[in-house]
Amino acid sequence: MMAMHAGEQQQSDVAGGEQVGDLLGRVFGCSTGLAEHIRHRGRLRAYATRVTIVKQGDQVSTLFVVIAGRAHALVYSVEGQAVLLHEYRSGDLFGVMTSPYSATHDADVVAVEDVSAFLLDGVVLALLAEQHACIVMALLRFMVDRLQQTSSRMYEHGALSAVGRVYSELLRQARLSPDLTIRPCPVVADLALRVSTTRETASRAVNALERRGIIRRDADAL
């Protein structure tokens, strides 16, 4: 079992069993009965904002399923600039997904909001996957989606300028809403992190769009 990090709490009151079971059913595309079986084989943990859930280089033998909150997978450049690899929200997975053996984690995973997570040991995950095809399919779908996201980011870094990447990220977020509205209004520092540029560059790019009337900002939305 993994040692608990600072700021990690055993949680029974953060997310009810019913909520966890429902989410596991959606994540793994399985029956209510199997979701409950999975829930009883794992454990719940809570992580406070800014706590490092997993450190780069840690030997990890656990699958993490985010129940609530938001976390970032970060690596750092030679100059010390944080580079965002992935963002994890409710229903996302990280940690060990394909092997019962421990693996070295490739990034720091940091809670950017209070996070509640369901933890399942890699050995247990492997045994469940051998018995239930829906779990294998869910892991494959998630890994393919992660690969597509990574490929898209690599393309953007090679083909677009820093300003172009800011525009692309704004458009990506806007398209999640039917009226092309981003709520709440993006934080410039977070936007810069997502596209690996400076806060100043991201701020200038957003201000230029606003001056041209392409975007409109109010108190709580863009």
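Let's start where helix H3 (residues 122-131) meets helix H4 (residues 133-159): in this predicted model, their axes come within 5 Å and cross at roughly 115°. H3 and H4 are therefore roughly perpendicular to each other. On the H3 side, the contact is made by Leu125, Leu128, Ala129 and Gln131, and on the H4 side by Ala133, Ile135, Val136 and Leu139. Of these residues, 7 are nonpolar, 1 is polar and none is charged.

Follow H4 along to Glu156, and charge comes into the picture. The side chain of Glu156 meets that of Arg172 in a salt bridge, with 2.5 Å from N to O. Arg172 belongs to helix H5 (residues 162-174) and Glu156 to helix H4, so this pair ties together parts that are 16 residues apart in sequence. Arg172 counts as partly exposed at 34% relative accessibility, while Glu156, at 10%, counts as buried.

Helix H6 (residues 188-194) holds both Arg194 and Asp190, 4 residues apart, or about one turn of the helix. They form a salt bridge whose closest N and O atoms are 2.9 Å apart. Here Arg194 is buried, at 9% relative accessible area, and Asp190 is partly exposed, at 22%. Salt bridges with shared partners join these residues into one network that also includes Arg70, Glu87, Arg89, Glu113 and Glu169.

Definitions and conventions
Residues are numbered from 1 along each chain as its sequence is written. This is a predicted model: local features need pLDDT of at least 70, side-chain atom pairs count only at pLDDT 80 or more; totals for chains, interfaces and linings use all residues. Side-chain values use heavy atoms; hydrogens and water are left out. Axes are lines fitted to C-alpha atoms, for helices over the stretch in contact, and angles run from 0 to 180 degrees between N-to-C directions. Helices (H or I, at least four residues) and strands (E, at least two) are DSSP runs, numbered from the N terminus. Angles under 35 degrees count as roughly parallel, over 145 as roughly antiparallel, 65 to 115 as roughly perpendicular and the rest as oblique. Contact means heavy atoms within 4.5 Å. Ala, Val, Leu, Ile, Met, Phe, Trp, Tyr, Cys and Pro count as nonpolar, Asp, Glu, Lys and Arg as charged, and the others, Gly among them, as polar. A salt bridge is a side-chain nitrogen of Lys or Arg within 4 Å of a carboxyl oxygen of Asp or Glu. Buried means under 20% relative accessible area, exposed over 50%, partly exposed in between (1.4 Å probe, protein chains only).
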